[in-house]
Amino acid sequence: MRDYYEILGVDKNASSNEIKKAYRKVAMKYHPDKNPEDEQAEKNFKEAAEAYSILKDDNKRARYNQFGHSGFENASGFGGGGFTDINDIFSTFGDIFSGGGFGDIFGRRTQGRQYHQKGSDLKISIGLTLEEIQKGTTKTVKIKRLEACGDCNGSGARPGTKPTTCPTCHGNGEVRQVQQSFLGQVINVQPCYQCKGSGEIISNPCRSCRGDGRVKKTSTIEIEIPQGVSTGNYMTKQNEGNHGPKGSIPGNLIVYFDEKTHQLFTRDGNNILLETWIQYPQAVFGETIEIPTLAGKVKLKIPAGIKSGQVLRLKGKGIPELNSHRQGDLLVKVQILTPSKLSGKVKDLLKSLKQELPVEPKFEKFS
Ligand SMILES: [Zn+2]
Ligand SMILES: [Zn+2]
């Protein structure tokens, strides 16, 4: 992977305006309409879009400056900038292309692309415990999706036969009609009625999939979940959605995360909150106690003379921040227990203690 600054040909200190200008220049040079059927140009075009998607965003640029490409690995749903479909580049950076002589062409391409069938995206939701969120985890999920038919290898044509090029559109998938209007000549582009945009005709459809090229299957896939995700975060697994009809590109699998409620801990951003109840003498004299955390038990030193409701902080025992090296803390609120069931001995001890302590209550502002 080349350096993003190098791809756009700008200095590391370039302003956002310089980056935008540089991207526009590179994108125009490798624009697919200027370089039809040129794979290298398409590659450069996608590469430039990826570089621009990172460098135009101050946060992503800062992360890139610090961590390089590794700052974006494994994180397509979290702001990585990879583009697999050229169409996404046009829809993301449409403003870059408009008014540059590509306005009309851009419109045509977007439309033209829709004719080519594509598998639909799938969405799933994965429930995660706070422990799993803290450590990161790998989940194995079963998904029902349309996959390539094994009998025809996804082509839709009966084994031993081949699809033929559509005679109406000659494989383009679209038909153009030139019409005269009072504004002048109008070119009307529509999906081909004979092949429905696929550009191919299947005269002998496969029996297993009836010419669609796909069959319903249940697949098991592994999803690696990074540390620190929250409810509402999602990641995109490229090409793991429904396969496209007749061997066309598959859709994506979008994995949403859902945090399960914990019976003991509460999450507050990247911090974890816990309440602990101790006895009055422990608060008076101080004591080291054992407390649970998301990753097992640890010792907590309660200082002598702690007040009821005081919060102690255990650094780094919270949740790691997503895509960062920072880590949240565990905040423990220490409460003093009032005993309710008293043995005779305790009752006597407390009674004599009461005699020794001042009886006047103390007042303070509510906080
Ligand atoms: Zn088939
Ligand atoms: Zn056709």
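Helices (H or I, at least four residues) and strands (E, at least two) are runs assigned by DSSP, and they are numbered from the N terminus. With that in hand, let's walk through this chain together. The model is predicted, so local features need pLDDT of at least 70 and side-chain atom pairs count only at pLDDT 80 or more, while totals for chains, interfaces and linings use all residues. Residues are numbered from 1 along each chain as its sequence is written, chains are lettered from A and ligands numbered from 1 in the order in which they are written, and side-chain values use heavy atoms, leaving out hydrogens and water.

Start with the overall picture. The chain holds 10 helices and 15 strands. Of its 367 residues, 38% are buried, where buried means under 20% relative accessible area, exposed means over 50%, and partly exposed lies in between (1.4 Å probe, protein chains only). A contact means heavy atoms within 4.5 Å. Among contacts between residues at least 6 apart in sequence, 66% join residues at least 24 apart.

Now look at the helices. Helix 2 (residues 16-29) packs with helix 3 at an angle of about 170°, and their axes are 9 Å apart. Here an axis is a line fitted to C-alpha atoms, for helices over the stretch in contact, and angles run from 0 to 180 degrees between N-to-C directions. Helix 2 and helix 3 are therefore roughly antiparallel to each other; the cut-offs are under 35 degrees for roughly parallel, over 145 for roughly antiparallel, 65 to 115 for roughly perpendicular, and oblique for the rest. On the helix 2 side, the contact is made by Ile 19, Lys 20, Tyr 23, Val 26 and Ala 27. Helix 3 contributes Phe 45, Ala 48, Ala 49, Tyr 52 and Leu 55.

Follow helix 3 (residues 39-55) onward to helix 4 (residues 58-67): their axes come within 6 Å and cross at roughly 105°. These two helices are therefore roughly perpendicular to each other. Their meeting point involves Ser 53, Ile 54 and Leu 55 in helix 3 and Lys 60, Arg 61 and Tyr 64 in helix 4.

Next come the strands, which pair if DSSP finds at least two bridges between them. One open sheet has 3 strands in the order 1-9-8, with mixed pairing. Strand 1 and strand 8 are its edge strands, each pairing on one side only. Neighbouring strands in this sheet are turned by 25° against each other on average, direction ignored. Strand 1 and strand 9 run parallel and are joined by 7 bridges; for instance, Lys 123 has Ile 254 in strand 9 as its bridge partner.

Another open sheet has 4 strands, ordered 10-11-15-14, also with mixed pairing. Its edges are strand 10 (266-268) and strand 14 (310-314), and the twist averages 30° from one strand to the next. Strand 10 pairs with strand 11 (residues 271-278) in the antiparallel sense over 3 bridges, and Thr 266 has Leu 273 in strand 11 as its bridge partner.

There is also a hairpin to find, joining strand 12 to strand 13 through 2 residues. Strand 12 (residues 287-293) and strand 13 (residues 296-302) are antiparallel, with 7 bridges between them. In this pair, Thr 288 stands opposite Lys 301.

What lies inside? A nonpolar core is a set of buried Ala, Val, Leu, Ile, Met, Phe, Trp, Tyr and Cys residues joined through side-chain atoms within 4.5 Å. The largest one has 34 residues, and those touching the most other members are Ile 124, Ile 126, Ile 223, Leu 253, Val 255, Ile 291 and Leu 330. Strand 1 (residues 122-128) supplies the largest share, 4 residues. This core draws at least three residues from each of domain 2 (120-163 + 202-260) and domain 3 (266-356), with bounds that come from an automatic or database domain assignment. A second, separate core of 22 residues includes Tyr 5, Ile 19, Ala 27 and Ile 89.

Finally, visit two loops. Most residues other than glycine have a negative phi. Lys 196, in the loop between strand 5 (184-191) and strand 6 (200-201), has a positive phi near 55°, and its relative accessibility of 61% makes it exposed. Lys 246, in the loop between strand 8 (234-237) and strand 9 (253-259), also has a positive phi, about 50°. With a relative accessible area of 31%, Lys 246 is partly exposed.
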